[in-house]
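Hi everyone, thanks for coming. Let me bring the model up on the screen, and then we can walk through a few side chains together.

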Amino acid sequence: MGKGAAKYGMKSGILPEARAILKNPTVRQTDVLQKLKAPKAKGTDGVGFAKNIDHPRGSHRFPPQTKFVDVEKLIASTVPEPQQPKVPKTSQQEAKQNKAQIRRSYLSDSFRKEEQRVLRQAELLKEKEARLHEEKQLELATLNQSRSSDLTVPTLHNLLSGPLIRPRTPEEQEILQMKRKQNRDVLQLKAKERRLDNLLKLYHVTDEFIVTEGQLMKKIEEAFANESSEALRTKLSVGTARPRTKNEKALGDALFGSLGGGNFVGLPSIKDYVSGEMNTFARDVERKNQALQEQRKTNMDTIL
């Protein structure tokens with residue numbers, strides 16, 4: 001740790017702040033030119049001395065003029081190229097000329113890059129100020145709109161002249177059309193399933209239809225042959241036990257997907273068979289049974 005580390009908090013390895021290469025603004029900095037050409041403020045907010053007031057001793061009544069620098073002229077005056085290049089006679093002279101050329105090129109590049117950095121910094125500052133101004137204007141507009149809406153009482157004329165319902169956006173209209181189409185498709189599917197279920201029921205009960213006189217006489221003889229009054233009333237659907245049995249059969253059909261009190265295959269079973277779920281379920285059950293049998297056989301062999 002050197003002697004000068006005390007002014008850096010007894011910390012070594014800290015470099016001093018970088019000094020600006022360009023001491024004065026360049027001719028390409030238009031923002032600085034506009035500020036200097038702008039009219040000076042007067043009155044209490046102004047800068048300078050009034051006519052009847054003397055300026056302090058050792059100071060100037062008017063600020064010094066700002067000097068603008070042309071980077072190319074600065075390079076030409078600071079690191080000019082040799083007017084009469086000398087031919088090196090020894091290797092030391094050649095190395096010295098190369099080092100001088102490198103120093104000139106490095107300093108020239110530093111001046112140009114510093115000018116570009118200053119200009120870029122000014123552009124970023126302008127963009128930031130413009131963005132902050134837009135945000136401030138938007139906030140003020142929002143506040144003014146909310147205040148005006150709070151203080152303004154809607155009249156009957158305004159209510160009748162304006163739309164009572166907010167119109168839907170194109171995205172909302174598209175979503176609504178999709179929902180309506182989906183509802184129509186669901187209703188059509190349910191109607192088709194209901195018609196298919198009715199057709200399946202009709203197909204299963206066609207065997208019980210009486211279409212000839214012989215079938216009618218046969219059914220009458222079967223109904224009145226050696227039957228009690230309650231059994232006859234049940235078969236004719238006028239007894240008390242008939243509705244209860246009918247409800248029980250309907251409940252069983254709804255639970256197990258069958259028809260005719262479990263005597264016929266219903267629509268859910270047919271859909272499972274067509275889709276392949278029934279076969280998949282049967283294969284899974286068979287595979288599980290085989291695994292259980294093999295496990296049981298292995299356990300018996302282990303015990304014996």
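**Salt bridges and a nonpolar core**

Let's start with D284, which is partly exposed at a relative accessible area of 37%; that class sits between buried, under 20%, and exposed, over 50%, using a 1.4 Å probe and protein chains only.

A quick word on the source: this is a predicted model, where local features need pLDDT of at least 70, side-chain atom pairs count only at pLDDT 80 or more, and totals for chains, interfaces and linings use all residues. Residues are numbered from 1 along each chain as its sequence is written, and side-chain values use heavy atoms, leaving out hydrogens and water.

Back to D284: its side chain meets that of R287 in a salt bridge, 2.9 Å from N to O. By salt bridge I mean a side-chain nitrogen of Lys or Arg within 4 Å of a carboxyl oxygen of Asp or Glu. The structure holds eight of them.

Another one joins E123 and R120 at 3.5 Å. E123 is partly exposed at 43% relative accessibility, and R120 is partly exposed too, at 44%.

Now, which residue pairs with E115 in a salt bridge? That's R28, with the closest N and O atoms 3.9 Å apart. E115 itself counts as buried, at 8% relative accessibility.

Finally, the largest nonpolar core has five residues: L22, V71, I75, V79 and F111. Here a core is a set of buried Ala, Val, Leu, Ile, Met, Phe, Trp, Tyr and Cys residues joined through side-chain atoms within 4.5 Å.
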